Amino acid sequence: MVDFEGEYGRRYNNMIERAMPGYTGMSELTLAILRSHMKTFENLLVIGAGGGNELISFAMEGWNITGIDPSPQMLELAKQRLAQIKPESKIELLCDRFENFEKSKEFDAITSILVMHFLPDDGSKSNFLKKVFHHLKEGAIYIHVDVCKLAGTPMETVGEIAINYLKSAGLVHTRAEAMEFLKNGSSGGHFSVPTRMEELFREAGFIQIQQFFQGLYYCGWMMKKGSVK
Ligand SMILES: C[S@@+](CC[C@H](N)C(=O)[O-])C[C@H]1O[C@@H](n2cnc3c(N)ncnc32)[C@H](O)[C@@H]1O
C-alpha cells in the first residue's frame, strides 16, 4: 500500500513538482480548462484532494468545492494550507475513498489527478470512471490525470529513465532509493496506456475525450458527460 500516511505523504508537496516533470504546467492547464467551463459558484468535486494542490489552486475561484481522500495525513496537509490562504473557502473535505462517496449530489466538474493508477484494471478502474460519470451533470466536464506510460515504450525503459530523472532532480541518490520512491508513488503500478484509458472513458459514457497533457509517464485528458457526439 502506498505510504501516504507516512514519510512519502509528508514529503509529497515538497517533491511532486520535481518528481513529475510538467506537474506545474499540467496544474495551470487544469485551472484554465475549469475556468473556461465553469461560471462562479458552481460545484466541483476533487477526487484525491489530499495534499491540497488542486484545492489551493481552485479555492480563489469562488467555486463550491468538495474534496475526498482516504488519507487523514494528506487531508490534514490540505487543511493546513487552506487555512493559510483562505480560511473562509467554501470547501467540504471528506476522508474516504471515492468509491465510497455516497452523496446523491451531481457536480458541474470533477477532477481526478494522479489517483486512478492505484486501482487495478480488473473492473476497478472501470467502476471508478462509471461512478465519476454518475456524479456529473449533463454537459459537465471531467479532468483526469494519470500515471500512464506511452504505448510501445517498454516498462523497463520508462523505469530506467524515471530512475535517472529522479536522481538528477535530487530526490534520490541511489538506484535502491529510486526504486523505493517509485514503489511508493505507484502502489504496485497499475499503469495503463492511453489507448486503454480512452477505451475506459468511452465505456463509462464520456464524450469529447481530448488529451491536453502528455509526459513520458503521465497523461491528462478532459472530457464531457453529454449526448452530443
Ligand atoms: C499522488 S497523490 C495526488 C494528490 C493530488 N491530487 C495532487 O495532484 O497533488 C494521490 C492521492 O490520492 C488519494 N487516493 C488514493 N486512492 C484514492 C481513492 N480510491 N479515492 C480517493 N482518493 C484516493 C491518496 O490518498 C493521495 O492523497
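Predicted model: local features only at pLDDT ≥ 70, side-chain atom pairs only at ≥ 80, totals over all residues.
The shell around the ligand comprises 20 residues, of which Gly48, Gly50, Asn53, Ser71 and Phe98 come nearest. By class, this shell holds eleven nonpolar, five polar and four charged residues.

Helix H2, formed by residues 23–37, has 15 residues and extends 21 Å from its first C-alpha to its last, close to the 21 Å expected at 1.5 Å a residue. Its buried residues are Met26, Ser27, Thr30 and Leu34; seen down the axis of H2, these fall within an arc of 100 degrees and therefore line one face of the helix. The face turned away from this buried side carries the exposed residues Thr24, Gly25, Glu28, Ala32, Arg35 and Ser36. The cover over the buried residues of H2 includes H3 together with strands E4 (107–113), E5 (136–147), E6 (207–214) and E7 (218–224).

Of the strands that take part in this cover, E4 has seven of its seven residues buried, so that it is largely enclosed by the rest of the structure. E4 pairs in the parallel sense with strand E1 (residues 43–47) over four bridges, and Leu45 stands opposite Ile110 of E4. Pairing between E4 and E5 is likewise parallel and runs over six bridges, with Leu136 in E5 as the bridge partner of Phe107.

H6 is followed by Gly170, whose phi is positive, near 80 degrees.

Most residues other than glycine have a negative phi, and against this background two residues of the model may be noted. Leu114, with phi near 60 degrees, is a residue other than glycine with a positive value; Leu114 is found in the loop between E4 and helix H5 (124–134), and counts as buried because 20 C-beta neighbours lie inside 10 Å. Gln208, a further residue other than glycine with a positive phi, has a value near 50 degrees and is placed in strand E6. With 12 other C-beta atoms within 10 Å, Gln208 is exposed, whereas Leu114 is buried.

Methods:
Residues numbered from 1 in each chain as written. Near = placed C-beta within 6 Å. Nonpolar A, V, L, I, M, F, W, Y, C, P; charged D, E, K, R; others polar. Helix = DSSP H or I, 4+ residues; strand = E, 2+ residues; numbered from the N terminus. Expected span 1.5 Å × (residues − 1). Arc of directions from axis to C-beta. Contact = placed C-beta atoms within 7 Å. Pairing = 2+ DSSP bridges.
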